[in-house]
Amino acid sequence: MGYNQSQKLKSWKDIPPAGLILSPGNSRENKTGSWSNKKPFFDDKKCTQCQLCVNACPEAAINSGKDKKISVNPDYCKGCAACVEACPRKAIKLN
Amino acid sequence: MLAQTGAQAAAEAMRQIDPDVVPVYPITPQTPIVESFSKIVADGLVNSEMIHVESEHSAMSAAVGAQAAGARAVTASSSAGLALMFEVLGVASGMRLPILMNIANRALSSPINIHCDHSDSMGVRDSGWIQIYSENAQEVYDHNFLALKLAEKVSLPAMVMQDGFITSHSLENLEILTDEQVKQFIGRYKPQYPLLNIEKPVTMGAIQLPDYFFETKRQQIQAMSQAREQYDAVAQELSKLTGRSYPKIETHNLENAQAIIVVLNSTAGTALAAMRKLKNEFREKVGLIKIRLFLPFPQEEFREIIKKAVGENLKTIAVLDRAVSLGSDAPIAKEIKNALFDLSNKPQVYSYIFGLGGREIFEKDIKKVYLDLISKKTDHQVKYIGLRQ
Ligand code: SF4
Ligand code: SF4
């Protein structure tokens with residue numbers, strides 16, 4: 001599913017019956033961005049590292065590192081474009 | 001030996017199963033099942049918790065909750081009640097909960113009609129439930145144990161059908177097992193992942209998106225095949241207790257038969273009586289197939305039986321359906337044509353519709369079908385038995 005899928009999906013023979021979830025705290029394993037068909041790309045030249053997109057993202061999928069450089073975690077990005085709208089510099093494009 | 005109606009037979013089987021939870025909503029002609037069972041509960045003969053819900057949707061939802069918790073849940077319904085459960089039937093099978101349900105078959109509205117046909121259970125045939133059809137009260141009783149054990153083996157729900165009024169309200173002789181024999185046969189229910197096991201918490205019924213939903217459905221398909229495979233072993237074990245046999249497909253007089261009728265539920269009894277009363281010269285030429293396990297449909301077995309019969313003498317099959325699939329072939333006719341499609345030497349398959357909304361079918365009607373088949377006075381037009389032309 002989707003592109004940039006980092007998760008290895010299991011066969012029907014290797015999953016619990018009836019879609020059961022056997023261990024708690026498994027939200028981390030559930031790559032919620034698997035169904036999006038577009039992901040954001042950041043134009044480093046335009047970005048002022050203002051962090052507005054980080055706050056705008058409903059999935060907390062945008063990270064900024066120690067150097068304040070912006071990156072997106074595609075496993076959780078749902079392609080909603082809220083970050084695109086939030087960016088005052090038009091530095092983000094969905095593709 | 002007891003004198004019991006089909007409905008009482010179902011309630012008696014439920015008494016011996018002693019389910020943990022019985023959520024029900026009454027509906028004609030299923031009502032005497034829950035009525036009889038509520039008396040059993042009031043008399044303190046079972047430990048069952050009976051839940052009087054406000055609708056069949058709630059009845060099945062409560063059964064799902066109870067079974068998921070790790071309890072044995074049994075319920076019953078008919079017609080519009082079963083239709084109202086439709087959404088939750090898929091939840092029960094999708095969550096792989098082996099709930100047992102007795103169905104007294106009744107026509108679906110509209111026009112409103114309380115009498116027997118199979119449009120209710122045939123209407124839910126894609127919902128992932130095992131379906132076993134019963135000719136009489138004795139089979140209703142026996143099939144309850146068979147269905148429950150099979151259901152729990154493969155983690156799929158199962159329904160046991162009986163004809164509304166015809167079976168549910170008619171008194172018959174009933175041989176019953178001892179409570180101990182039933183207990184031994186069904187054993188304790190050992191759910192793999194009960195919700196109430198706090199040592200091993202699980203989440204049930206969570207969302208599955210396109211990445212896994214398909215895989216979960218594939219498991220359900222597999223469980224249905226397993227039900228088909230494991231049926232015979234369960235049936236044989238029950239046979240040892242009762243002395244009666246429960247083949248998926250019951251055959252009568254197929255050796256040398258040129259023409260056979262395929263039918264299920266009470267009309268199989270009518271057909272057998274009609275066949276036995278035919279004159280010798282005709283009787284030798286006809287046979288009868290009664291389908292007991294309708295879902296999962298035993299395609300292979302059916303094909304093998306027909307292959308052998310064709311090798312002997314078989315030319316024609318009349319499939320008698322007490323339901324229609326509007327805009328398509330009738331449900332059983334369709335299954336049978338599907339099962340025979342790959343046979344190189346196929347008999348002719350004719351579809352007959354009968355008994356909608358409780359329209360009576362008599363031995364003379366069945367006799368006429370046989371005589372028409374033998375004298376080749378039939379064609380591929382669907383025929384309607386007992387309908388005014
Ligand atoms: S597209 Fe939506 S989900 Fe993806 S990074 Fe932007 S705001 Fe977050
Ligand atoms: S909102 Fe735009 S400018 Fe601000 S950090 Fe995000 S991408 Fe850079």
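1. Let's start with the interface. In this predicted model, about 1,700 Å² is buried between chain A and chain B, and carbon and sulfur atoms give 65% of that area. Chain A brings 16 residues to the contact and chain B brings 20 residues. On the side of chain A that touches chain B, you will find 11 nonpolar, three polar and two charged residues.

2. What about polar links across the same interface? Four residue pairs are in polar contact between chain A and chain B, while the count of salt bridges there is zero.

3. Next, have a look at two helices of chain B. The axes of α11 (residues 299-312) and α12 (residues 331-340) come within 9 Å and cross at roughly 70 degrees. Angles from 65 to 115 degrees count as roughly perpendicular, so α11(B) is roughly perpendicular to α12(B). From α11(B), the residues making the contact are Gln299(B), Phe302(B), Arg303(B) and Ile306(B); from α12(B), they are Ile336(B), Asn338(B), Ala339(B) and Leu340(B). Sorted by class, that gives five nonpolar, two polar and one charged residues.

4. Two peptide bonds in chain B deserve a glance. Thr28(B) and Pro29(B) are joined by a cis peptide bond with omega of about -5 degrees, and Pro29(B) sits in the loop between β2 (21-24) and α2 (31-42). The bond from Ser109(B) to Ser110(B) is also cis, with omega near 5 degrees; Ser110(B) lies in the loop between β5 (100-105) and α5 (119-123).

5. Finally, check phi at two residues. Gln51(A), which is not a glycine, has a positive phi near 75 degrees and belongs to the loop between β1 (40-42) and α1 (52-56) of chain A. Ser79(B), not a glycine either, has a positive phi of about 40 degrees and is in helix α4 (residues 79-94) of chain B.

Definitions and conventions:
Residues are numbered from 1 along each chain as its sequence is written. Chains are lettered from A and ligands numbered from 1 in the order in which they are written. This is a predicted model: local features need pLDDT of at least 70, side-chain atom pairs count only at pLDDT 80 or more; totals for chains, interfaces and linings use all residues. Side-chain values use heavy atoms; hydrogens and water are left out. Axes are lines fitted to C-alpha atoms, for helices over the stretch in contact, and angles run from 0 to 180 degrees between N-to-C directions. Helices (H or I, at least four residues) and strands (E, at least two) are DSSP runs, numbered from the N terminus. Angles under 35 degrees count as roughly parallel, over 145 as roughly antiparallel, 65 to 115 as roughly perpendicular and the rest as oblique. Contact means heavy atoms within 4.5 Å. Ala, Val, Leu, Ile, Met, Phe, Trp, Tyr, Cys and Pro count as nonpolar, Asp, Glu, Lys and Arg as charged, and the others, Gly among them, as polar. Buried area is the accessible area (1.4 Å probe) that two parts lose on being put together, summed over both. A salt bridge is a side-chain nitrogen of Lys or Arg within 4 Å of a carboxyl oxygen of Asp or Glu. A polar contact is a pair of N or O atoms within 3.5 Å; within protein, one must be able to donate a hydrogen and the other to accept it, and residues adjacent in sequence count only if both atoms are side-chain atoms.
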